[in-house]
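Here is a short briefing to read with the model open beside you. Take a moment to look it over first.

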Amino acid sequence: MAIISIKDLTFTYPGNAEPTLSNISLDLPAGEWITIIGPNGSGKSTLARLIDGLLPLKQGQIVVDGIKVNEDNLHAIHQRIGFVFQNPDNQFVGTTVADDVAFGLENHQVPHDQMAFRIHQALDDVDMVPFADKEPAYLSGGQKQRVAIAGALSLRPKILIFDEATSMLDPKGRQKILKLLAHLKVKKGFTILAITHDPSEAVLGDKVMIIDQSHLVAYGPTSQIMGSSDLLRNHHLGLPFTTQLKEELQEHGLKVPKEYQSEEQMMTWLNQQLSSNK
């Protein structure tokens, strides 16, 4: 069942002659991790902001959890979507971690007798309870991003949107956030939309969509999209490590699987080939 339905969506920024998004139509299923990739300026972030109602929708229709995205329904839409941006420093408004999570609850008029429990629960989900009374300035980049995610979780949405949410983190912080996303999807049942430029992140989800030159040019299972080196190259996108490895093996005359394989799957396949050739 689709939790987000997009039909005939076209969007043009004021003053621009050409649309940023042109005639986008697709349904996104509930409970899946969907990655949005594409070159810079292709319209990825614009699509995410339109889904969340952060930009005015003038052509086409977006329905989120059965509710049309329009000005009258913004409060209901924002109850269903948690949005985490690229720079965690730009999202802090509270003097402490707990205060920052409370800010969103206050804006949504959550009763005060419920706030303490929801703040603790959200911080516990991201493993940040010990930092509840800390000032945000003393947190690492990864910790700040986890607090930003806690702020979104405290509102109990059904959908989480991450707009390049790991791009400013070091490798260790990035891995912690990606592990958290997987946990939220599997254990908590969230629908996740994640925008990224990193092919190693794009392979982690269930489905991938490619947006290029304002159009939706591909959408399908991750193994299908990320396993197509020609498709990725045609749209100036990086190849996952295992896809690069398979190309090198092909150049040496080995027949390799066409679909994308994770590093673990690739190691299993290589071990099978070595065993069969003994």
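This is a predicted model: local features need pLDDT of at least 70, side-chain atom pairs count only at pLDDT 80 or more; totals for chains, interfaces and linings use all residues.

Residues are numbered from 1 along each chain as its sequence is written, and side-chain values use heavy atoms, with hydrogens and water left out.

- Strand E8 covers residues 191–195, and five of its five residues are buried (under 20% relative accessible area, with a 1.4 Å probe and protein chains only; exposed is over 50% and partly exposed in between).
- Helices (H or I, at least four residues) and strands (E, at least two) are DSSP runs, numbered from the N terminus.
- Thr191, Leu193 and Ile195 point one way from E8, Ile192 and Ala194 point the other way, and all are buried.
- In a regular strand, side chains alternate between the two faces of the sheet.
- E8 runs parallel to strand E3 (residues 33–37), joined by four bridges; two strands pair if DSSP finds at least two bridges between them.
- Thr35 stands opposite Ala194 in E8.
- Strand E7 (residues 159–163) also pairs with E8 in the parallel sense, over five bridges, and Leu160 has Ile192 in E8 as its bridge partner.

**Aromatic pairs**

- The structure holds two aromatic pairs (ring centres of Phe, Tyr and Trp, the last by its six-membered ring, within 6.5 Å; planes under 30 degrees apart count as stacked, over 60 as edge-to-face and the rest as tilted).
- Phe11 and Tyr13 are edge-to-face, because their ring planes stand at 90 degrees, with the centres 4.8 Å apart.
- Phe11 counts as buried at 6% relative accessibility, whereas Tyr13 is partly exposed at 27%.
- Phe83 and Phe85 are stacked, at 4.4 Å centre to centre and 20 degrees between the planes.
- Phe83 is buried at 12% relative accessibility, and Phe85 is partly exposed at 29%.

**The largest pocket**

- The 22 residues that line the largest pocket include Phe83, Phe85, Gly104, Gly151 and Leu155, which lie nearest its centre.
- The elements giving two or more residues to this lining are strand E6 (81–84), helix H3 (97–107) and helix H5 (141–153).
- H3 gives the most to the lining of the largest pocket, with five residues.

Methods:
On a 1 Å grid over the protein atoms alone, a cavity is a set of points where a 1.4 Å probe fits but cannot get out, and a pocket is an open set with protein on both sides within 12 Å along at least five of seven lines; lining residues have an atom within 4 Å of a point.
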